[in-house]
Amino acid sequence: MASNKVIISCAVTGSIHTPSMSPHLPVTAEEIAESALGAAEAGAAIVHLHARDPHDGRPVHTPEDFAPFLKVIKQSSNVVVNITTGASPYMPVEYRVKPAETWKPEVASLNMGSMNFGLFPMLRKEREWKHAWEPEMLEASHDLVFRNSFKDIRYALDTLNATGTRYEFECYDTAHLYNLHYFWTEGLVQGPLFIQTCFGLLGGIGAHPDDVMHMKRTADRLFGDNYRWSVLAAGANQMKVAAMAASMGGHVRVGLEDSLWLDKGKLAPSNAAQVERVRQIIEGLGLEVATPDEAREILALKGGDAVGF
């Protein structure tokens, strides 16, 4: 049964890491498409997508920025496409929602609360920056609140519910689960809810096993059988938390958005390499990896023929 399968999501590039941090971070539309397709071939049922300026790698987020790689991915793979509405914490919600509103993917991410968003620890490592915007963005996060107010979340839901798009609800702390519960009890979101509990980012909950268990227990109490649980963890915690969640019946997210590493001191050469690693963990636990169509069944998605690209 599909319900016994583990969904691997792969977050291909994100908006947090910068080109100077890894030569393997996809930046151009061609690189993003190639990396997403590689991840899908390695076993990812879902690819979670951001866009970047092809010249300097900074996060960009117009519908036109997504068009080139969305169409290549759709033509070349059956993988489920998930378009971010998190985008970058420096962007207003109306701008962040526009690509998903335009392209009507099967899944869009949705952050479930405001939070401090501390990226500045990445400045500790000495490196030569290729672009001035990179250290400037990280330094500015000393005073960064990633705004996701109730009004912002309501705007995203009102805009995207009409498209049939479903959500990857990104919950970085316990309060975010309660925020989601509010919108669920108000009837603005429908089960099965795809809840991505996010660990180890400065400003959110930590990545200790107790933190993982706390988020799972809270979600179980609030949502019962009406949700599907997935995890992501930042940096060195990525595979540890994935292994823990998979062993507990959860789904997993990996990718260069969340961690640039494959092993201690070894950069991941591709998104596919991280997917292959987590697949080994899942299969080593005696579990099976979900295909894209099995993921569609588990998450009650509308299907790849109902998107706008």
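Helices and strands are DSSP runs, a helix holding at least four residues and a strand at least two, and they are numbered from the N terminus. The model shown in these close-up views is a predicted one.

**View 1. The second largest pocket draws part of its lining from a helix and a strand.** Helix H8 and strand S14, which covers 261–263, each supply at least two residues of the lining of this pocket. The lining comprises Gly-235, Ala-236, Gln-238, Met-239, Lys-240, Ser-259, Trp-261, Leu-262, Asp-263, Lys-264, Gly-265 and Arg-277. Sorted by class, these lining residues divide into four nonpolar, four polar and four charged. The space in the second largest pocket comes to about 260 Å³.

**View 2. Helix H8 passes helix H9 in a right-handed crossing.** Two packed helices are described by the angle between their axes and by the distance between those axes. Here the axes of H8 (residues 238–247) and H9 (residues 271–284) come within 10 Å and cross at roughly 35 degrees. On the H8 side the contact is made by Gln-238, Met-239, Ala-242, Ala-243 and Ala-246, which meet Gln-274, Arg-277, Val-278, Ile-281 and Ile-282 in H9. The residues of this contact divide into seven nonpolar, two polar and one charged. Gln-238, Met-239 and Arg-277, which take part in the contact between these helices, are also among the residues that line the second largest pocket.

**View 3. Eight strands close into a barrel with parallel pairing.** Followed around the barrel, the order of the strands is S2-S3-S6-S7-S10-S11-S12-S13. Neighbouring strands of this sheet are turned by 25 degrees against each other on average, when direction is ignored.

**View 4. Strands S7 and S10 pair in the parallel sense, and a helix lies across them.** Strand S7 (residues 107–111) is joined to strand S10 (residues 166–171) over five bridges. One of the residues involved is Asn-111, whose bridge partner in S10 is Glu-170. Helix H5, made up of residues 150–160, lies across both S7 and S10, and its direction runs at about 165 degrees to that of S7.

**View 5. The largest pocket is lined by 26 residues.** Among these lining residues, His-17, Met-122, Ala-234, Gly-235 and Asp-258 lie nearest the centre of the pocket. By class, the lining has 15 nonpolar, six polar and five charged residues, and the pocket holds about 590 Å³ of space. Gly-235, named here among the residues nearest the centre of the largest pocket, is also one of the residues that line the second largest pocket.

Definitions and conventions: Residues are numbered from 1 along each chain as its sequence is written. This is a predicted model: local features need pLDDT of at least 70, side-chain atom pairs count only at pLDDT 80 or more; totals for chains, interfaces and linings use all residues. Side-chain values use heavy atoms; hydrogens and water are left out. Axes are lines fitted to C-alpha atoms, for helices over the stretch in contact, and angles run from 0 to 180 degrees between N-to-C directions. A crossing is left-handed if the near helix is turned anticlockwise from the far one by less than a right angle, and right-handed if clockwise. Contact means heavy atoms within 4.5 Å. Ala, Val, Leu, Ile, Met, Phe, Trp, Tyr, Cys and Pro count as nonpolar, Asp, Glu, Lys and Arg as charged, and the others, Gly among them, as polar. Two strands pair if DSSP finds at least two bridges between them. On a 1 Å grid over the protein atoms alone, a cavity is a set of points where a 1.4 Å probe fits but cannot get out, and a pocket is an open set with protein on both sides within 12 Å along at least five of seven lines; lining residues have an atom within 4 Å of a point. Grid points are joined across faces, edges and corners, and a volume is the space filled by probe spheres set on the points.
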